[in-house]
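Hello,

Here is the structure for your files. My notes follow below it.

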Amino acid sequence: MQQVREELPDWRGGGVSVMERGHREDDFLRCAHEAEADLRALMEIPDDYHVLFLHGGAQLQFAAVPMNLAAGQSLTADYVNSGHWAALAMAEARRYLTVNECATVADAGAVAMPEEGAWRRGGDAGYLHYTPNETISGLEFHRVPDAGDATLVADMSSVILSRRFAVRRFGLIYAGAQKNIGPAGLAVVIVRRDLAARAAAAGAVPRVMNYAAQAAAGSMVNTPPVFAWYVAGLVLRWLRKNGGVAAMEKQNAEKSSVLYNCIDNSGGFYRNRVAAAWRSRMNIPFTLAAPQLEEAFLAAAAAAGLAGLRGHRAAGGLRASLYNAVPPAGVLQLTEFMNHFRQTRG
Ligand SMILES: Cc1ncc(COP(=O)(O)O)c(C=O)c1O
């Protein structure tokens with residue numbers, strides 16, 4: 001943020017901001033390529049994958065994925081319904097192909113997914129779509145599913161760069177940038193070249209959504225989200241300088257266990273409903289045994305400098321999101337506050 005502020009009026013000595021520079025000028029092309037190279041290095045993305053920086057956030061990809069991968073043919077896809085975001089991805093895909101909901105989250109007692117062996121996989125599915133981290137309910141898959149002969153597709157919006165993934169296991173990864181990458185509106189798509197080539201045949205896919213067209217144009221079929229791409233580049237460089245994804249993974253495991261311990265040792269004052277094996281390291285929703293104290297909790301937290309703890313409007317309650325940008329000291333401060341609040345209000 002400080003670097004953006006300092007160089008905003010005069011980016012790379014051009015006398016104007018990055019937003020005012022042509023996206024095909026050498027300075028911006030260099031910036032764009034550096035961001036891509038840093039993401040490739042951070043995630044160890046093999047050369048036979050394209051990396052695209054696209055408009056429209058993650059939800060545009062809910063449509064772009066089936067449109068590109070079906071490529072004008074009738075296709076069936078398996079969708080793992082793990083919660084809010086997976087369900088939206090599935091509903092959007094239904095417009096373009098036949099969707100088989102192969103597994104559904106259990107939400108009655110503890111929130112959990114059925115074991116993989118019990119998933120009702122369609123034998124002829126072209127791809128298997130899942131959401132490795134459900135941002136609202138705080139459910140995370142700690143193992144990458146085995147897609148068998150199908151292509152594995154993942155919405156990594158709220159988990160990308162928080163832990164290591166073997167990109168080779170996936171045909172396509174997409175993520176809205178706004179959690180661990182940069183400003184909202186940008187989506188990163190990592191797609192194996194042969195899959196993107198399929199899209200070339202899909203005449204009905206708008207060019208700005210067509211992976212093959214975007215790959216051929218260096219993500220510049222139209223003017224790219226220049227400012228978001230530039231900020232993403234700064235974040236990716238910061239990440240590389242700070243130990244990369246392995247360091248974040250370790251830190252995120254520690255951060256989340258501090259908060260889960262605080263919740264689990266609160267004698268029921270705070271409660272998280274996700275089964276232990278499915279608990280997210282990025283998003284930790286919790287409720288108070290006395291829900292009428294929620295507003296007082298939020299007000300006292302804000303007064304203590306702790307912001308953004310209100311749960312998603314679809315879920316209510318409270319939620320702490322421990323994205324890469326949250327330092328361990330921030331989590332300690334939060335748990336100290338929570339302990340104090342419990343002791344004084346419990
Ligand atoms: C897992 C997941 N998928 C998709 C989205 C939607 O992203 P966007 O608002 O960029 O379309 C979100 C929310 O930010 C998310 O957490």
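Which residues in α2 meet which residues in α7? On the α2 side they are Phe-28, Cys-31, Ala-32, Glu-34, Ala-35, Asp-38, Leu-39, Ala-41 and Leu-42; on the α7 side they are Val-226, Trp-229, Tyr-230, Ala-232, Gly-233, Leu-236, Arg-237, Leu-239 and Arg-240. Contact requires C-beta atoms, placed from the backbone, to lie within 7 Å. By class, this contact has 13 nonpolar, one polar and four charged residues. Ala, Val, Leu, Ile, Met, Phe, Trp, Tyr, Cys and Pro count as nonpolar, Asp, Glu, Lys and Arg as charged, and the others, Gly among them, as polar.

This is a predicted model: local features need pLDDT of at least 70, side-chain atom pairs count only at pLDDT 80 or more, and totals for chains, interfaces and linings use all residues. Residues are numbered from 1 along each chain as its sequence is written.

The axes of α2 and helix α7 (residues 226-241) are 9 Å apart, at an angle of about 45°.

The domain assignment gives domain 1 (2-241) and domain 2 (245-345), with C-alpha centres 27 Å apart. In domain 1, 22 residues are in contact with 21 residues of domain 2. α2 (26-43) and β6 (139-140) are the elements giving two or more residues to that side of domain 1.

The shell around the ligand has three nonpolar, seven polar and one charged residues. Its largest share, three residues, comes from helix α3 (residues 57-70).

Regards

Terms used
Domain bounds come from an automatic or database domain assignment. Two residues are in contact if their C-beta atoms, placed from the backbone, lie within 7 Å. Helices (H or I, at least four residues) and strands (E, at least two) are DSSP runs, numbered from the N terminus. Axes are lines fitted to C-alpha atoms, for helices over the stretch in contact, and angles run from 0 to 180 degrees between N-to-C directions.
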